[in-house]
Structures are given as structure tokens and as C-alpha cells.
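Colleague: I am new to this structure and would like to learn how to read it. Could you take me through a few features in turn?

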Amino acid sequence: MRRHLIRLVIMGLIFSSSQGCSAQDKPDTADRKPAVAGRFYPGDAGELKQMLAGFFASAKPRTSGQVAAVVCPHAGYVFSGQVAASGINQVDPERSFDHVFVIASSHMVYFPGASIYNRGDYLTPLGKVPVDRELADLLIRQHDVFTYRPEADRTEHSLEVQIPFLQYHLKKPFRLVPIVLGTQSASDCSKIAEALKPYFNDRNLFVFSTDFAHYPSYSD
């Protein structure tokens, strides 16, 4: 009787332990909260909309047909917002996109390849943008150049600052694929390009977030 009781207790501990491990193995889900709202751009939704409206009112008119990709700066809006708006303004706001891939560089940490946020959606003062977590998971599974690294997104501004421009300009819902590059390796970048090549089509938009240059004068 005693042996039977001990066996039941051990089995219960094993079951409890295995259940605990299973729960820990499941990735935490959490929407990505704004890290630089109130610093790089207004944290108040009304103030942010007003600023964006001013940028787009003065933006360079659309000159191309169907745009596949844009390159936009990612400094504070007071420095680069007008140029970023002119870039996003080249995209037809009435187009429907399956995905918008935003590819940005890491300023805080360096690591091989790139990190794709796959834990939740992206939040800004203008609301929530859904992340296609299934596609993010697929890319991570199929390509070892992709991982998820919490430190890549936690305080990074380069990707976040692009989102309000897209929210304001695009009139139809889209799903985000947020990618932060941690590498400066040409080989890694080639692998990333090959992995994303199948998605470079008229159903998707690519936004490349860049510093351009910090130090030359505006006229240069």
C-alpha cells in the first residue's frame, strides 16, 4: 500500500513537472509596446496625427506607378519626418497589401542574422498593427539566419518609427513582418535577401529603414 502511494506521488510529481516544462516551453505572447513614443515622435495620438498630416501635406507627390519598396530614414520626426513621409507617399494609399515587411537596423545589440518579432502585435499611439506571427514563425523555422531576440526589439527605434507613417497613409488593413538586422555581414545579408525573395511581389510592400547619414550638411 505504501509503495503504491509513493509511486502515485512520484508519478504526480513527474506529471506536474512535465506540465510545467511544457508551459515554459511555450513562447510568451505580448504585444510590442512603443519604446520611443514621446521622444522620437509624439506620444499623444492627436498630436501625432497632426504632425503626420503636416508632413504628408508637404510630401513629394507620387511619381511612380506600383511601388515595390521604399527606403525611409529613422531619426526623430523633427529631423527626418518630412523625408520619411515623402518616401511613404510614393505608395498608393488605396492599394491592398498582404504584408508590409519593415526591415530595420539594430542600434542596441549586434548578433548574427536578423530577429523577427513573433510574440504579438505592434502598438503605437495610433493603435495596433497585427503581426503575421505564422509567417514570422515559418521564416524562423526555415532559415537559420532568422531568430527571435527580445533584446533586438525592446528599445529599438529604427523599426518602430516607420509604423505610424504606414498607419496614417495606408487606407486598407495590412499585416506586419517586423525584421531587425543585427548583422553587418554581407553573407548574412545575402541569406536574408534569398529568404525574403519569394515575398518580393506585388502583393507585399517592403520598407527599408535607414540612417542615411548623420553628419554631412543638408545641402551635401
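Modeller: Keep in mind that this is a predicted model. Start with helix 3, in which Tyr77, Ser80, Gly81, Ala84, Ala85, Ser86, Gly87 and Ile88 are buried.

Colleague: Why do residues three or four places apart in an α-helix point the same way?

Modeller: An α-helix has 3.6 residues a turn, so residues at that spacing point the same way. In helix 3, Tyr77, Ser80, Gly81 and Ala84 are among the buried residues.

Colleague: What covers the buried residues of helix 3?

Modeller: The cover includes helix 2 (45-57), strand 1 (69-73), helix 6 (163-169) and strand 8 (204-210).

Colleague: How does the span of helix 3 compare with that of a straight helix of twelve residues?

Modeller: A straight helix of twelve residues would span 16 Å, at 1.5 Å a residue. Helix 3 (residues 77-88) spans only 14 Å between its end C-alpha atoms.

Colleague: Which residues of the largest nonpolar core touch the most other members?

Modeller: That core has 36 residues, and those with the most such contacts are Tyr77, Ile88, Val100, Val102, Phe165, Leu166 and Val207. Two or more residues each come from helix 2, strand 1, helix 3, strand 2 (99-105), helix 6, strand 7 (175-181) and strand 8. Apart from this core lies another, of 16 residues, with Leu139, Val145, Val177 and Phe206 among them.

Colleague: What does Leu166 touch, not counting residues up to four places away in sequence?

Modeller: Leu166 touches Ile88, Val100, Val102, Phe174, Leu205 and Val207.

Colleague: Which side chain does the side chain of Thr124 make a polar contact with?

Modeller: That of Gln167, at 2.6 Å. The Thr124 side chain also reaches the backbone nitrogen of Leu126 at 3.0 Å. Beyond neighbours within four places in sequence, Thr124 is in contact with Pro34, Ile163, Pro164 and Gln167.

Colleague: And a loop residue: where is Pro42 found?

Modeller: Pro42 sits in the loop between helix 1 (2-25) and helix 2. Pro42 counts as buried because its relative accessibility is 9%. Setting aside neighbours within four places in sequence, Pro42 is in contact with Glu47, Leu48, Met51 and Pro125.

Colleague: How many residues separate Pro42 and Gly76 in sequence, and what is their distance in space?

Modeller: They are 34 residues apart in sequence and 9.9 Å apart in space, C-alpha to C-alpha.

Terms used: Residues numbered from 1 in each chain as written. Predicted model: local features only at pLDDT ≥ 70, side-chain atom pairs only at ≥ 80, totals over all residues. Heavy atoms only, no water. Helix = DSSP H or I, 4+ residues; strand = E, 2+ residues; numbered from the N terminus. Expected span 1.5 Å × (residues − 1). Buried < 20%, exposed > 50% of the residue type's maximum accessible area, 1.4 Å probe, protein only. Contact = heavy atoms within 4.5 Å. Polar contact = N/O pair within 3.5 Å; in protein donor to acceptor, adjacent residues only side chain to side chain. Core = buried A, V, L, I, M, F, W, Y, C linked by side-chain atoms within 4.5 Å.
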